[in-house]
Amino acid sequence: MSADPRTTAPTLGRLTAPAAWQTVDLISDLHLQASEPATFEAWRHYMASTPADAVLILGDLFEVWVGDDATETDPFLQSCAQVLRHTAQRLHVAFMQGNRDFLVGPRFLSDCGVHALSDPSLLHWGEQRILLSHGDALCLDDSAYQAFRQQVRSADWQTEFLTKPLQERMALARAMRAQSESQKQSGAVYADADALMALNWCHAAGADRLVHGHTHQPADHPLGSGQRHVLSDWSLDHAPARAQVFRMQRGGDFTRLDLTPTTHNIL
Ligand code: LP5
Ligand code: MN
């Protein structure tokens, strides 16, 4: 019998903030792609100008990722790498895999000077303990997705997939995206993060806050005696425009910066 994921303690990554960090930004679900240039430009501008000491990317930075070797021939991915590289020279940039870009590998990250962040990870920041996740693993009621996730996160599946020629991997990813979009068009109601699992994760980690993305439903929910903060996705190429940064200050001030052009709130 396999263990109940709701009550199983997760394997935790850890990130200890240096004493000098005053501001940490969290972003996720930008789904960067060549056909969405306004979103890319907003991200580029934000990365070049944020006053934060760290930008932690909680998954789905990329619309899709079929292997680090794709960057060799894709000018758009090279531009994204350039933005990461420039930013990582100035501040701490960390990347957690999402359900679209779980194949981003150590080679790409080290080429860009970006730190890997496992899912979930506990941020130790002074007295604060903040748990970070992409969020897809918490959407337990989506059992078809959880089965798919278990398969594609296995080392065997990934080794086999990554040995396929690039064009074949791209075709498989397109088919998978089409399958996922058709499920969305058919009006499927998506599962939210499971409340018991989220609470147990926080207890196991000694955290009173969880921050995650994936569901594209930005909100702050009570979670036991703490809170669950859900990040927004980004899109400046399709209405409604959305691009939010979750900014945390040392000592516990949390704000959401809205970077959509109409707000005049450009960093
Ligand atoms: O991503 P989004 O928001 O549309 O929906 C997600 C879940 N979908 C996914 C799939 C991604 O969109 C595409 C993955 C790209 C990875 C590229 C590299 C690997 C290629 C792999 C090729 C096999 O994550 C969606 C959730 C939703 O979030 C809400 O949480 O419901 O889950 C699904 O759509 C998965 C299905 O429910 C189960 C799929 C069963 C497999 C069917 C195979 C169909 C044929 C595909 C051809 C390879
Ligand atoms: Mn996601």
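## A predicted fold with a manganese site

Aspartate 60 lies in the loop between β3 and α2. Helices here are DSSP runs of H or I of at least four residues and strands are runs of E of at least two, numbered from the N terminus. Before going further, note that this is a predicted model, in which local features need pLDDT of at least 70, side-chain atom pairs count only at pLDDT 80 or more, and totals for chains, interfaces and linings use all residues. Residues are numbered from 1 along each chain as its sequence is written, chains are lettered from A and ligands numbered from 1 in the order in which they are written, and side-chain values use heavy atoms, with hydrogens and water left out.

**The metal site**

Back to that aspartate. Which residues hold the manganese ion (ligand 2)? Asp60 (OD), Asn99 (OD1), His134 (NE2) and His214 (ND1) coordinate the ion, at 2.0 to 2.3 Å. Donors are N, O and S atoms within 2.8 Å of the metal (3.2 Å for Na, K and Ca), and water is not among the atoms, so sites may look incomplete. Written along the sequence, the donor spacing reads D-x38-N-x34-H-x79-H.

Buried means under 20% relative accessible area, exposed means over 50%, and partly exposed is in between (1.4 Å probe, protein chains only).

For background, most residues other than glycine have a negative phi, and most peptide bonds are trans.

Proline 120 sits in the loop between β5 (115-116) and β6 (121-125). Proline 240 sits in the loop between β10 (226-230) and β11 (244-249).

**A few other spots**

Serine 232 is in the loop between β10 and β11 as well. This serine is buried, with a relative accessible area of 5%. Not counting residues up to four places away in sequence, serine 232 touches Ser28, Asp29, Pro218, Ala243 and Gln244, where contact means heavy atoms within 4.5 Å. Its C-alpha is 9.6 Å from that of arginine 256, which is 24 residues apart along the chain.

Phenylalanine 161 is part of helix α5 (residues 155-162) and is buried, at a relative accessible area of 7%. What does phenylalanine 161 contact, leaving aside its neighbours within four places in sequence? The list is Val66, Leu103, Arg169 and Leu172. Proline 75, by comparison, is 86 residues apart from phenylalanine 161 in sequence and 23 Å apart in space, C-alpha to C-alpha.

Proline 37 is in helix α1 (residues 37-49) and is partly exposed, at 46% relative accessible area. From proline 37 to arginine 153 you cover 116 residues in sequence and 30 Å in space, C-alpha to C-alpha.

**The whole thing**

Stepping back, the protein has 7 helices and 12 strands. Its radius of gyration is 18 Å, close to the 18 Å that the globule rule gives for 267 residues, so the protein is as compact as a globular protein of that length. That radius is taken over C-alpha atoms, and the globule rule is 2.2 Å times the number of residues to the power 0.38. Along its principal axes the C-alpha trace spans about 50 × 50 × 35 Å.

Buried residues make up 49% of the 267. Of the contacts with a separation of 6 or more, 69% are between residues 24 or more positions apart. The protein exposes about 12700 Å², with carbon and sulfur atoms supplying 53% of that area; accessible areas come from the Shrake-Rupley method with a 1.4 Å probe, and for residues, only the protein chains shown count as cover.
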